[in-house]
Amino acid sequence: MICWRVVALCVLLRFGAETRTGLREGAAHAASTSRASGGPAFESCQVSLTPAENRLLDDNTHETGFNGDDGSYVILTWVGDGTGVILVLSTISAPIDTFLEGGSSRLYRSTDYGKSFHDISQSINHTFIKEEFGVSVGPGSSVILTADTPVVDHPGGVIFTSTDAAATFRFVQLPFHLAQPITYHFLNPDLLVALSIDGALWLSLDFGAAWTKVHDGVHSFSWGAGINLFFSCSKADTMDAEERGDLQLKRTKDLGKTFAIIHEDVFSFGYIGAFLFFSVMEDTRSPRVMYFSSDQGDTFSRALLPSASTEQFYSILDGDEDMLFMHVDNPGDTYFGTMYTSDDRGILFSKSLERHLFDGQRKSDFRNITSLRGVYLTNKLDKDGRIRSVISFNRGGTWHRLSKPQNVECEEECNLHIHGEHSRTNHIVPMLLMSEASAVGLVLAHGTVGDSLSSWQYPDVFVSSDGGYNWRGTLRGPHHYSILDSGGLVVAVEARRKGQVKTIKFSTDEGQCWKSYNFTEQPFFFAGLASEPGTKAMSVSVWGFRPEDDNQPMWVAVTIDFQSLITRTCSDQDYEEWLAHSTEGGTSERDGCILGVKETYRRRKKQAVCRNGRSYVMVKKESTCLCNMEDFLCDYGYQRHLNTSECVRQPDAHNKSLEMCLNGEEDELLTTGYRKIPSNRCEGGFSPQMAVQTVIRPCGVKPGPDSLSAHSTVPVTHFDTPRERLVLILVCAGAGVIVLAAAVSALVAVRRGVYQYRAPNYRFSNLQIQDDRNGAVGDFESAKSSNGPNCPQDSDNVISTESY
């Protein structure tokens, strides 16, 4: 398993009962896939290494065998950016009946990108480090190791802290026992938050040297923007609060000095992008409802989701500072639902994709292709029961089938279909789709070609160099792969669960052709492919183990440095300008316009054999576009017409008023059915006329933290619509010009634009919330999942889309 922790790559390697079981399952899987039919043929370009190239790689390949270390559990963690430091923690768990005596650990450190390792166990006094969350790497070069300290007869746990990439460690005696990993602030490594086993929230302002208790009875917490810290806690003398939805959601803006209650009766909450969200049980018999805030909890509103029943659950798939993607499940065990996208306040949701796949294990194939702005890929379950892949290039505005790979011939009409989380969970593929922001346009993924996604067809690796518009078959069969040198180098190791590995493949032209190199004379069982986070590195480590005579593993790390082979740094002649999202070769004014902007990147030519290097900075030029219909989403209660791009009223929304609460007044809105996609920067051009007719009725306003107790009930006063007012004027002719002028003035005063910035409260279709324990995904400003990978934040269901 490979997992991302803040800025460090953590590779978790196990051997023992679990690994042996996995190998047996892998052998069975290999046997089953060997009977699978192959997909449509394509040519995989293979180029032989020259003798000189082979010698260069031999001289710069370094193998480390951890002799005598028979640890059943190994964690590999990168520290810092460009430091070359790798930590390896090897542990052996003690039997349960000897719990108080713990187990044994060894800590190794490399300062040369994995070419050599040194045992530094003495720097932490040979202390036994926790398996579950023993190693935590934060911003900069900060590292925290958590000792496996028995609770009995010990007032608190022990941690070791380092600010110099594990060159030295400081012993810290904690006044409490940790319940989960210590959480870093996303910008300031000195700010740490921790949750103790007795539910107390603790805060450190000096990188763990001193700790202060912030609050008791805490269930979950999350950093917000700046130094805002959110947490849910039990009320005084309340038992089983989490089960009964009787939690309080609180916020501190000054690191625990003062608190504000955001809402009562909270079941769970989370923070993603720029949005705080939380579910509320207004009474024990009602389903939970979801609230969103885009201003750190100062104001909040119920989410407005059309066509939703109380039998459905919802999941937040992804989000940033501009919008959210949300899945709403269909009633019953259908394994599909509808995907919605929000406005920039996270309140008004519009239908994006129907029959979105969400399998029985509540796994979604939804992925953000980070190498090109606005691109998302997922799978849908069509009415014929087949799974098919679709891609959006405008943040969910429209979805399309993937094109047939350029080097694949099909007798019938066919498309590329991508394996996702559903396939990985079922051991069909070893890796998910991979893309990196620094490798513009580059995408690697396992897939099959045909009418639909096939579990009987042997999965192959496909590559796209333009963000998913066009694809090529690149490697036959499943592989583990990694992107290096900002896309200038791609490496892959064949997934051979039944056998051992000794060969790595690499490409310098974005997967057009591959060379193979035998990195060891003694094959071993593959356990992981690890490269430094950030894609800047030119070296990669292949991890695995060789079984010894005593049936214990000897862990092996082989690091291949490709910098010795690709020695030349790219010059200006090695780069070219590339218009992103171009489908017409730049021949039309709209070509390349996505989300209102044309983006022209400067990127390395595929045929250039050179390296981008660590100093490489992606360069792009932008120009705004005129608006057209594709720059708009269908508004609440509307959906795309099957044969046109027009937004039409949903069938179940006819004859229903669209009501919302704006600034304490209940409004009935009429709209043309369009709203601009969040983050779209187009100007001029197509502009739907916002025809708004308003009926005003006073209604309750949800308060922020400073006025939570100020609930009041206001009698409903009915004001007539303009049409009724006109009839009244005609009947009451005696009112004359004065009454008519007053009516016109009132009409002008109450008219408003739907899309002006405000913090409204919308009416909401109540939904039953799925209670899943997946970690939330945030952008750089949202601190990701504050409760860590082992104890993710207490959200109703947030599907992680980070790369493994």
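Below is a list of stops, each with something to select and something to look for. Keep in mind that this is a predicted model.

**Stop 1**

Now zoom in on strand 14 (residues 192–195) and strand 15, which pair in the antiparallel sense over 4 bridges. To see how they line up, pick out two pairs: Val 193 has Leu 203 as its bridge partner, and Leu 195 has Leu 201. Then follow the chain around the hairpin, where 5 residues sit between the two strands. Click on Gly 199 in this hairpin: it takes a positive phi near 85°.

Go across to the other neighbour of strand 15. Strand 15 and strand 16 (residues 212–215) pair in the antiparallel sense over 3 bridges. Here, Leu 201 stands opposite His 215 in strand 16.

**Stop 1: the two faces of strand 15**

Show the side chains of residues 201–204, which make up strand 15. In a regular strand, side chains alternate between the two faces of the sheet. What covers do you find here? Leu 201 and Leu 203 are on one side, Trp 202 and Ser 204 are on the other, and all of them are buried, with both faces of the strand covered.

**Stop 2: a buried serine**

Next, select Ser 162, found in strand 11 (residues 158–162). Is Ser 162 buried or exposed? It counts as buried because its relative accessibility is 2%, and the cut-off for buried is under 20%. Leaving out residues up to four places away in sequence, Ser 162 touches several others, among them Ser 141, Val 143, Phe 169 and Phe 207.

**Stop 4**

In soluble globular proteins, nonpolar side chains tend to be buried together. For a case of this, select Leu 377 and Trp 471: they have the most contacts inside the largest nonpolar core, which has 27 residues. Strand 29 (375–381), strand 32 (415–418) and strand 34 (443–450) each supply at least two residues of this core, and strand 34 gives the most, with 3 residues. Show what surrounds Leu 377, and you'll find that it touches Trp 471, along with others including Phe 366, Val 390, Trp 399 and Ile 418.

Then jump to Phe 519, Met 538, Met 554 and Leu 565, which are included in a second, separate core of 23 residues.

**Stop 5**

Finish with the cavities, of which the structure holds 3 of 30 Å³ or more. The largest cavity has a volume of about 110 Å³. To find the largest cavity, select some of its lining residues, including Ser 438, Gly 487, Glu 510, Arg 603 and Tyr 616.

Terms used
Residues numbered from 1 in each chain as written. Predicted model: local features only at pLDDT ≥ 70, side-chain atom pairs only at ≥ 80, totals over all residues. Heavy atoms only, no water. Buried < 20%, exposed > 50% of the residue type's maximum accessible area, 1.4 Å probe, protein only. Contact = heavy atoms within 4.5 Å. Core = buried A, V, L, I, M, F, W, Y, C linked by side-chain atoms within 4.5 Å. Pairing = 2+ DSSP bridges. 1 Å grid on protein atoms, 1.4 Å probe; cavity = no way out; pocket = protein on both sides within 12 Å on 5 of 7 lines; lining within 4 Å. Points joined across faces, edges and corners; volume = space filled by probe spheres on them.
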